[in-house]
Amino acid sequence: MFILDAHLDLSMNAMEWNRDLRNDVKTLRHLEKGMTDKPDRERATVSFPDLRRGNIGIVVATQIARFVKPDSIIPGWNSPEQAWAQTQGQLAWYKGMEEAGEMTAITNKESLLKHFTLWNDGTPNDKKPIGYILSLEGADSIVDISYLEKAYDYGLRAIGPAHYGPGRYANGTDATGKMNQNGFDLLKEMERLNIILDATHLCDDAFWQAMDYYNGPIWASHNNCRSLVDHNRQYSDEMIKALISKGAVIGGALDAWMLVPNWERGVSTPKGTNCDLETVFKHMDHICQLAGNANHIGIGSDLDGAFGTEQCPYDLDNIADLQKLVLIFKNHGYTDEDLKKIFHQNWIDFLVKNWD
């Protein structure tokens with residue numbers, strides 16, 4: 001099954017974790033033997049060869065750089081200009097991977113359908129570039145609204161206004177409070193440029209404002225269900241229904257603390273909490289039950305989002321194992337047409353509908 005993964009922090013892995021993603025996962029783990037500076041050292045799950053092996057030919061790939069005040073306990077950059085510069089370094093890595101033939105940018109309907117055809121032409125995937133749609137996770141690095149058009153011109157096609165904590169344009173996970181005028185100005189300019197609003201990470205206050213205010217395309221790249229894991233990072237049933245009413249697609253995330261209740265970072269284990277790919281299915285199936293169909297879910301794994309095998313389903317060794325989800329859905333009665341929608345077509349139809 002061809003898979004479109006709607007959330008991967010590839011540039012963060014390359015630039016901050018110093019991983020050359022042209023190596024396979026096995027090699028990445030070997031190169032990190034004995035390293036302890038990051039909690040997921042020796043536990044990488046994502047690489048270009050393993051994406052190809054898993055038939056994952058299109059990804060939504062992020063830029064990310066948070067602005068924080070100097071006394072913040074959340075890591076980030078102390079000025080928007082520094083955060084912008086960090087995203088430009090990430091952009092340079094994506095462009096370098098394009099020049100190396102590893103990736104290709106997808107920015108419009110024509111390039112999307114051309115790349116989808118390439119990956120489904122029946123030939124081996126091992127030399128094919130991975131298509132990427134560029135997304136910004138947290139808008140703090142947008143120094144002012146004029147920078148948004150600059151970002152659109154270099155290929156940015158989706159923005160999540162918030163990440164963790166308080167933000168310059170909106171508040172995110174573990175924060176509260178409504179958007180200020182900056183947030184509304186951001187949404188207005190995004191709408192003018194037809195940039196996708198990624199509702200992921202918006203705090204409840206900002207989420208409901210965005211639902212009321214934004215008239216452009218909306219998706220949620222990587223979110224699970226609050227009714228199954230009660231945390232503000234998740235969506236309540238009412239929020240899920242609001243997204244469905246807007247025609248959104250919601251990507252299922254594979255971070256264990258979002259999949260099982262009462263996860264303790266550094267203490268809990270996937271095996272100990274019985275966190276497996278069946279657990280991922282339960283979250284995605286819950287959204288289908290609310291929608292009454294399989295038209296509003298997809299894959300948004302976040303597998304390289306600062307965690308590895310220590311904090312993902314225990315029956316997933318690397319990103320190629322996303323293919324195991326196909327059989328799980330099938331065993332639960334989902335049809336072949338449903339499977340096609342869930343693993344790529346919902347995302348593709350969303351983009352075809354909203355792009356020129």
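Predicted model: local features only at pLDDT ≥ 70, side-chain atom pairs only at ≥ 80, totals over all residues.
Me: Which helix does the chain pass through from β4 to β5?

Reply: The β-α-β crossover from β4 to β5 is right-handed, meaning that with the strands pointing away from the viewer the path from the first strand over the helix to the second runs clockwise. The helix crossed, at residues 146–153, is α6.

Me: What is the bridge partner of I159 in β6?

Reply: β5 and β6 are parallel and joined by two bridges. With α7, these strands make a right-handed β-α-β unit. In β6, I159 is bridged to L197.

Me: How many residues of strand β5 are buried?

Reply: Buried means under 20% relative accessible area, exposed over 50%, and partly exposed in between (1.4 Å probe, protein chains only). Strand β5 covers residues 156–160 and is largely enclosed by the rest of the structure, because the buried ones number five of the five.

Me: Why is the F48 and W93 pair stacked?

Reply: Rings of Phe, Tyr and Trp (its six-membered ring) pair if their centres lie within 6.5 Å; planes under 30 degrees apart are stacked, over 60 edge-to-face and the rest tilted. By this rule there are 16 aromatic pairs. F48 and W93 have ring centres 6.1 Å apart, and the pair is stacked because the planes are at 20°.

Me: How many residues apart in sequence are the parts that F48 and W93 tie together?

Reply: F48 is buried at 0% relative accessible area, and W93 is buried at 13%. F48 belongs to helix α3 and W93 to helix α4, so the pair ties together parts whose separation in residues is 45.

Me: What is the distance from the charged end of K38 to the ring centre of W17?

Reply: A charge sits over a ring if NZ of Lys or CZ of Arg is within 6 Å of the ring centre and within 35 degrees of the ring normal. R157 lies over the face of Y152 at 3.8 Å from the ring centre. For K38 over W17, the distance is 4.2 Å.

Notes. Residues numbered from 1 in each chain as written. Heavy atoms only, no water. Helix = DSSP H or I, 4+ residues; strand = E, 2+ residues; numbered from the N terminus. Pairing = 2+ DSSP bridges.
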